[in-house]
Amino acid sequence: MSNFFSEKYKGLTPYAPGEQPQDMQYVKLNTNESPFPPCEAVAKAAEGAAKKLQLYPDPDCKTLTRALAERYDVAPENIILTNGSDEVLNFAFMAFCDADHPITFPDISYGFYPVFAEINRVPFQAIPLREDFSIDPADYTNVGCNVVIANPNAPTGLALRAEQIEQIAVTNPDHVVIIDEAYVDFGAESAVLLTKNYPNLLVTQTFSKSRSFAGGRLGFGIADKALIADLNTVKYSTNPYNINRMTNEAALAVLQNDDFYMQNCNIIQKNRAYLSDALQGLGFTVLPSLSNFIFVKSDRIGGEALYLGLKKRGVLVRHFTAERIKDYNRITIGSREQLDILLREIKQLLEETI
Ligand code: PMP
């Protein structure tokens, strides 16, 4: 740390992203990326945009916003585009939370929420998940402060139904309810259309997972136009050109090929069932996920030992050290070929462990 680092950030523990090793080719099942490359039109669109990089992009992203509004059956005024959904989440903490407007979220959830709270000096309360790792919606009804819930939740993969989200929004009319739908395209119910009825509801999504676009960095928020206007005030006060020219053009091509991406989501759901069955056959406990990952535990090998053993064998999965989940691993649903390699290596590791 330098002598110049601001007092206000000295105590900050930054978010630790999953490993992105550059040294060797792993079977990479640790950061919930899509195993499928983007369609060709997307790469072409990015290449075309690269030829105009001397010019700033459109700060309003008008064309892309219109296309997204059509896709989600809302008006362009109900949408903000951001550099990944991490950015819209941070904007929401900046816009709606402060010392007098604290926030709550589950104790086991996306690790960035406490970091956003700390950097924005927002008091927060983490509400424990039930014993089975599900969220009890009753914990969030009439809760009396802002709320952020990942639905499906991460790293558990468990989801609430839209009517349960509605219950949370309707009982907290004086607080903002943020539903982080980073993984919603893999089988959960979306709350996007509820935003038409609840002016306190903000839904965030991303192209990173279901649209094979993690490297392109496109996220978005959908909400009542007054909430979106507030988020835009924050955006135009920090980084008006947050969506670069290549991302802007490439994401338009993504939307023009949305059927291709939604079919890929179906393949992921089939692969999820395949991997869940196979791991259960090996004695693993597998939570019933609606995401592109599963959260699993074995009685025969610990969470850290499985993570380290697989890494040695060229397969990356995610392990968390938090006490409540240290026996578990989060495994991204890859292609069938990747999953078969994973299963082969797990079987060998279990044999060696006996
Ligand atoms: N929410 C959740 C629950 C996530 O797991 C992630 C991915 N790490 C994000 C939001 C942010 O993803 P991105 O910034 O790539 O849209």
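Trainee: What should I know about the model itself?

Mentor: This is a predicted model, where local features need pLDDT of at least 70, side-chain atom pairs count only at pLDDT 80 or more, and totals for chains, interfaces and linings use all residues. Residues are numbered from 1 along each chain as its sequence is written, and side-chain values use heavy atoms, without hydrogens and water.

Trainee: What counts as a pocket or a cavity?

Mentor: Both are sets of points on a 1 Å grid over the protein atoms alone. In a cavity, a 1.4 Å probe fits but cannot get out; a pocket is an open set with protein on both sides within 12 Å along at least five of seven lines. Lining residues have an atom within 4 Å of a point. Points are joined across faces, edges and corners, and a volume is the space filled by probe spheres set on them.

Trainee: What is the volume of the largest pocket?

Mentor: About 960 Å³. Of its 41 lining residues, the closest to the centre are Tyr15, Gly18, Tyr110, Arg318 and Arg330. Helix H3 (85-96) and helix H4 (112-119) each supply at least two lining residues. Helices here are DSSP runs (H or I, at least four residues), as are strands (E, at least two), numbered from the N terminus.

Trainee: How many cavities of 30 Å³ or more are there?

Mentor: One. The largest cavity holds about 40 Å³ of space. Its lining includes Glu33, Phe186 and Asn292.

Trainee: At what angle do H3 and H4 cross?

Mentor: Axes are lines fitted to C-alpha atoms, for helices over the stretch in contact, and angles run from 0 to 180 degrees between N-to-C directions. The axes of H3 and H4 come within 9 Å and cross at roughly 40°. Under 35 degrees is roughly parallel, over 145 roughly antiparallel, 65 to 115 roughly perpendicular, and the rest oblique. H3 and H4 are therefore oblique to each other.

Trainee: Which peptide bonds are cis?

Mentor: Asn151 to Pro152 is cis, with omega near 0°. Ala154 to Pro155 is cis too, with omega about 10°. Pro152 is in the loop between strand E5 (146-150) and helix H5 (162-170).
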